[in-house]
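Take a look at the model first.

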Amino acid sequence: MAKRYKNVAEMVQGMDLPPDQKQRQMEYLHARRLSRMLTVMRAQLGLSQVQVAEKLGWSQGRVSKLESKPDRDVSVGALLDYAGALDMQMTMTFLPEKTKIVDQVKFHAFEMQKLLQRLVKLCKGDEDMVK
């Protein structure tokens, strides 16, 4: 039975490659985490690159390039457009680089609290929501 891997990085580590080639492959993967996420989101929605391109008024090749370019080369504008084509909204969070995980959880907990407060305001007077 073939070995199953949790992710591509694990597969690369398990390959019989010279160490320098493994390192280059890992660097390639790490430089494209965002673009891989775009591909996964599109695939989970059952959309092809052609369908996304049509929604954006782009060529399929442009979508392909966005989904494969290094993260540093992806523009915020392209991300906003792509998110819109997937009927998603994009949010960004900036935190100090060495933020402790507990502080990250607190940050997101406060954000959830804000959203819940907005939800309460929205459902005031709605008898179905009060139940």
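**Exercise 1.** Work out the secondary structure and spread of the protein chain.

*Solution.* Start with the count: the protein chain has eight helices and zero strands (DSSP runs numbered from the N terminus, H or I of at least four residues for helices, E of at least two for strands). This is a predicted model, where local features need pLDDT of at least 70, side-chain atom pairs pLDDT 80 or more, while totals for chains, interfaces and linings use all residues. Residues are numbered from 1 along each chain as its sequence is written, and side-chain values use heavy atoms, without hydrogens and water.

**Exercise 2.** Describe how α4 meets α6.

*Solution.* First, the axes of α4 (residues 49-56) and α6 (residues 76-85) come within 9 Å and cross at roughly 110°. That makes α4 roughly perpendicular to α6 (65 to 115 degrees). Then list the contacts: Val52, Lys55 and Leu56 in α4 meet Asp81, Tyr82 and Ala85 in α6 (heavy atoms within 4.5 Å).

Definitions and conventions:
Axes fitted to C-alpha atoms, helices over the stretch in contact; angles between N-to-C directions. Parallel < 35°, antiparallel > 145°, perpendicular 65-115°, else oblique. Rg over C-alpha atoms; globule rule 2.2 N^0.38 Å.
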